[in-house]
Structure formats: structure tokens, C-alpha cells
Amino acid sequence: QVQLVESGGGLVQPGGSLRLSCAASRSMFSIRFLAWHRQAPGKPRELVASIGSGDSTNYADSVKGRFTISRDNAKNTLYLQMNGLKPEDTAVYFCRAIYNYQNYWGQGTQVTVSS
């Protein structure tokens, strides 16, 4: 099993930045796929960014050029650097891992972009 704990959310003004972290309970060397998802009120959960074992990355069109996903295997931590935040980025952000062919989710962290 894998436990995931997100942190770093909060309230930020439009144009601001936040860095989300996701701490994993086991070595990330054993986790091939990691991703960030988000869910806004009344909307389905959507994939924001993903990173594979070879550090290949993919991003939703809505965040390309603004968000950066990265992983620190030594710290067992996944990150999401978010720059140029917009009100439409407001959502609960979830960390996800695929380990041993099973999905694992964190509890989520709230990001609110508002002036």
C-alpha cells in the first residue's frame, strides 16, 4: 500500500504562485506513475499533470507553461509548482500514485485563487 499526504494549498491572489507537495509512505523508486488531479465544486475530477518513472511529464492544456510537476525520489515527495495562478485554478488538488497496478489517492489540499 501507499499513503499519500498533500500539503501546500492555500489562498493566493491571481498571478501568484504556490507549490504543492505530496509525501509518499514508501520509496518513490517503486512508484512508476504519479499525478496531480483537481476537482472544482460541481465539476468532475480532472488530470492536471503526470510524471512517469523516466521523468516523462504530461500536462493538461489549461496549465501548460504555468505548472511544473516534479518528483524527488530521495525525499519520497511529489511536487506541483504552480505559477501564474488564475481564479479558474481554484479546486481541491489531489495526489495520485499507481503502485502494483492499484490507484492510491491523497486526501486533497484546497487551492483558492481570489483577490
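1. Start with R45, which lies over the face of W105, at 4.6 Å from the ring centre. The charged end of R45 also sits over the ring of F94, 3.7 Å from that ring's centre. For a charge to count as sitting over a ring, NZ of Lys or CZ of Arg has to be within 6 Å of the ring centre and within 35 degrees of the ring normal.

2. A quick word on what you're looking at. This is a predicted model, where local features need pLDDT of at least 70 and side-chain atom pairs count only at pLDDT 80 or more, while totals for chains, interfaces and linings use all residues. Residues are numbered from 1 along each chain as its sequence is written, and side-chain values use heavy atoms, with hydrogens and water left out.

3. F94 lies in strand β9 and W105 in strand β10 (residues 102-105), so the pair ties together parts that are eleven residues apart in sequence.

4. Buried means under 20% relative accessible area, exposed over 50%, and partly exposed in between (1.4 Å probe, protein chains only).

5. Now the cysteines. There is one disulfide here, and it joins C22 to C95, S to S 2.1 Å. The cut-off is a pair of cysteine sulfur atoms within 2.5 Å. C22 lies in strand β3 (residues 18-24) and C95 in strand β9 (residues 91-99), so the bond ties together parts that are 73 residues apart in sequence. The torsion about the S-S bond of C22 and C95 is about -75°, so this disulfide is left-handed. C22 is buried at 0% relative accessibility, and C95 is buried at 0% as well.

6. On to the strands. Strands (E, at least two residues) are DSSP runs, numbered from the N terminus, and two of them pair if DSSP finds at least two bridges between them. Strands of a sheet pair through backbone hydrogen bonds, either parallel or antiparallel.

7. Have a look at β4 (residues 33-39) and β5 (residues 46-51), which pair in the antiparallel sense over five bridges. A35 has S50 in β5 as its bridge partner. The two strands form a hairpin with six residues between them, and G42 in the turn has a positive phi of about 75°.

8. β5 also pairs with β6 (residues 57-59), again antiparallel, over three bridges. Here I51 stands opposite T57. This hairpin has five residues between its strands, and D55 in the turn has a positive phi of about 65°.

9. Finally, follow the open sheet of four strands, in the order β1-β3-β8-β7 with antiparallel pairing. β1 (4-7) and β7 (67-72) stand at the edges, each with a single partner strand, so one side of each is left without a neighbour in the sheet. Six bridges join β7 to β8 (residues 77-82), and R71 stands opposite L78 in β8.
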